[in-house]
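Welcome! Please take a look at the sequence and the structure below, and then we can walk through them together.

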Amino acid sequence: MSAETLVQLLYLVSTALFILSLRWMSDPETARKGVFSGVAAMTLAVLGTLTGVIATGGTHYWWILGAFALGAAVGYPLAQVPLTAVPQRTALSHAFGGLAAGLVGTAKFFLYFGQKNEAALAPFIVVALVAEILLGFLTFTGSILAAGKLQEVKWIPQRPVTYPLQNVSNLALFALALALGVALVLHPLAPWAPWAFGGIILLSLAFGVLLIIPIGGADMPTVISILNAYAGLSAVAMGFVLNNKLLITAGALDGSSGLILSIIMCKAMNRSFFNVLFGAFGQTTTASAEGEQKAYKSDTVESAAQVMEQANLVVIVPGYGMAVAQAQHKVREVYDLLKKRGVTVKFAIHPVAGRMPGHMNVLLAEAEIPYEDLVEMDEINGDMPQADVALIIGANDVVNPAARSDKSSPIYGMPIIDADKAKTVYAIKRSKAPGFAGIDNELYFLDKTFMLFGDAKAVMGELARKLAGESGH
Amino acid sequence: MMLLALTETPGHASGGGHGQLDFMGALFVFMLATFIGLMVIQRVSRLLHTPLMSLTNAISAIAVVGAIIVSAGKDSPGYITLLGLVAIFCSTTNIVSGFLITDRMLKMFKKQEKGAK
């Protein structure tokens with residue numbers, strides 16, 4: 001068996017293991033097998049590549065080993081972050097992925113260019129190279145910025161940044177990058193080719209920044225998913241450049257995952273891809289004017305505890321506020337105390353609650369709440385009229401009934417959790433300010449709604465104490 | 001410091017398997033893999049979307065394959081090797097942190113304990 005055949009066989013098994021790895025993610029029962037399968041696939045991929053490199057007379061092995069060691073040394077602490085920081089960790093790792101693809105593309109181009117290698121710079125390859133660096137570097141800066149916004153780094157604006165002619169100027173830059181790309185495809189060995197290539201790199205880096213600055217926190221789940229898809233597609237492009245089918249398959253798996261997650265997120269916000277990327281939500285803050293005379297009814301935690309004790313079904317709707325306050329463990333205490341009294345407690349999870357897909361599920365799982373009680377929006381909505389209490393913890397737009405009824409609302413048409421159909425609603429909210437979209441939430445002004453103002457962790461802690469204390473009566 | 005030899009034999013990139021390019025074959029693989037990906041991912045439980053994303057992070061670090069090929073090229077100038085090594089570093093970071101954190105999260109998803117109800 002030739003070395004090349006062995007390499008391809010290893011790649012073949014690796015591909016199969018990658019597919020199985022994702023297949024096993026369909027169920028929490030088998031999901032951990034999926035990770036082991038993924039690790040095995042990656043190990044085979046690296047071993048296969050090293051085999052091929054050794055057989056064709058490679059070099060720099062100590063350097064390569066050093067890069068591996070350094071990467072592992074940085075990667076390990078990145079895996080130990082608190083779970084509330086998972087969105088920014090994910091964004092950061094998209095950035096690393098994009099950078100890796102961009103650098104490999106750059107290296108390949110200059111290698112071929114230096115060799116005056118016309119065969120290797122065939123039009124098909126150059127198209128793939130341009131796609132690789134465009135997606136790679138765009139993902140790099142875009143993800144760094146997204147991570148910064150999620151981490152709430154001071155010098156990165158949290159609110160969407162918009163300016164006149166934003167979309168026009170972005171499109172013009174993109175057109176310029178494409179024009180450079182076309183020129184490069186036609187004349188890959190021209191003396192100016194390295195400059196054109198460098199120009200594309202700079203434009204991609206700028207493009208990543210420009211694409212993310214108009215995006216606000218609530219759109220982050222969609223944006224992270226899109227960046228996920230880009231990182232995968234840049235690996236696909238690298239596969240085309242290197243004629244490596246393992247890169248193409250693994251990249252395509254990642255790309256389709258990002259695509260599906262983006263579609264789910266967009267549907268859950270009733271917005272299109274295009275609208276998320278180019279329709280900065282920022283300007284629509286005028287809608288709150290007529291809501292001024294309405295007044296909140298607030299209530300004490302003590303009476304909330306009494307109402308919940310008497311309930312048969314309590315539905316908890318968590319949102320980003322729960323993550324910010326790190327309230328999940330207190331939520332678990334309340335959950336336990338209510339369960340002990342025979343109250344059924346369910347969690348209603350909106351697909352875009354939080355800052356990345358599945359964010360709430362992970363936080364609640366961390367607090368050891370059994371996953372059977374984490375219910376998707378579509379499933380829980382049928383039960384909402386039977387719920388005695390809907391307890392809203394730091395969620396806002398995802399329970400705003402204006403999405404169903406008010407055609408002028410910016411969130412009109414977005415599917416929501418029907419918290420307003422519960423018999424009584426308690427909403428924990430940090431302040432009286434309106435939510436992300438800048439619109440008042442009608443839910444808070446209903447007769448059956450009572451507000452519990454304060455930090456989610458503090459309020460849930462007090463609720464737990466009240467529930468525990470009353471057991472002595 | 002690093003090998004600075006210029007290329008002697010243009011035409012074949014070492015280790016890249018560049019012989020004849022099979023554009024169509026590559027496109028077919030891409031198309032089929034995308035469909036498999038879409039179908040497999042559609043069945044992933046919504047509970048697990050965050051771990052899914054960490055896992056695909058690690059999988060997209062397959063770019064390490066390209067990075068190794070670039071770094072190990074014996075005919076490349078030093079700066080190209082350096083680009084490859086940085087790419088290996090970035091990919092390895094994702095491989096290690098991606099798989100570890102996915103496993104860490106998945107360990108937390110627990111079923112109802114029996115008898116606890």
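This is a predicted model: local features need pLDDT of at least 70, side-chain atom pairs count only at pLDDT 80 or more; totals for chains, interfaces and linings use all residues.

Let us begin with the strands. In chain A, 6 strands make up an open sheet, arranged in the order 3-2-1-4-5-6 with parallel pairing. Strand 3 (374–376) and strand 6 (449–453) of chain A each have a single partner strand, so they stand at the edges with one side left without a neighbour in the sheet. From one strand to the next, the twist averages 25°.

How many bridges join strand 5 of chain A to strand 6 of chain A? There are 5, and these two strands run parallel, with strand 5 covering residues 424–429.

Helix 11 (residues 301–310) of chain A lies across strand 1 (313–318), strand 4 (389–393), strand 5 and strand 6 of chain A. Its direction is at about 130° to strand 6 of chain A. Helix 13 (residues 328–340) of chain A also packs on the sheet, where it touches strand 1, strand 2 (344–349) and strand 4 of chain A. With strand 2 of chain A, the direction of helix 13 makes about 145°.

## The nonpolar core

Which residues have the most contacts inside the largest nonpolar core? They come from both chains: A:Val317, A:Ile392, A:Ile393, B:Ile62, B:Ala63 and B:Ala87, in a core of 204 residues. Helix 5 (residues 123–151) of chain A gives the most to this core, with 17 residues.

Leaving aside neighbours within four places in sequence, A:Ile393 is in contact with residues including A:Val317, A:Pro318, A:Met322, A:Val331, A:Ile428 and A:Ala456.

## A pair of helices

Helix 5 of chain A also has a partner to look at. Its axis and that of helix 4 (residues 86–114) of chain A come within 7 Å and cross at roughly 155°. An angle over 145 degrees counts as roughly antiparallel, and therefore helix 4 and helix 5 of chain A are roughly antiparallel to each other. The crossing of these two helices of chain A is left-handed.

## Where the chains meet

Finally, let us turn to the two chains together. On one side are 89 residues of chain B, in contact with 104 residues of chain A. The elements of chain B that give two or more residues to its side are helix 1 (23–42), helix 2 (49–60), helix 3 (64–72) and helix 4 (78–108). Helix 4 of chain B gives the most, with 27 residues.

Note on methods. Residues are numbered from 1 along each chain as its sequence is written. Chains are lettered from A and ligands numbered from 1 in the order in which they are written. A nonpolar core is a set of buried Ala, Val, Leu, Ile, Met, Phe, Trp, Tyr and Cys residues joined through C-beta atoms within 7 Å. A residue is buried if 20 or more other C-beta atoms lie within 10 Å of its own, exposed if 12 or fewer, and partly exposed in between; C-beta atoms are placed from the backbone. Helices (H or I, at least four residues) and strands (E, at least two) are DSSP runs, numbered from the N terminus. Two residues are in contact if their C-beta atoms, placed from the backbone, lie within 7 Å. Two strands pair if DSSP finds at least two bridges between them. Axes are lines fitted to C-alpha atoms, for helices over the stretch in contact, and angles run from 0 to 180 degrees between N-to-C directions. Angles under 35 degrees count as roughly parallel, over 145 as roughly antiparallel, 65 to 115 as roughly perpendicular and the rest as oblique. A crossing is left-handed if the near helix is turned anticlockwise from the far one by less than a right angle, and right-handed if clockwise.
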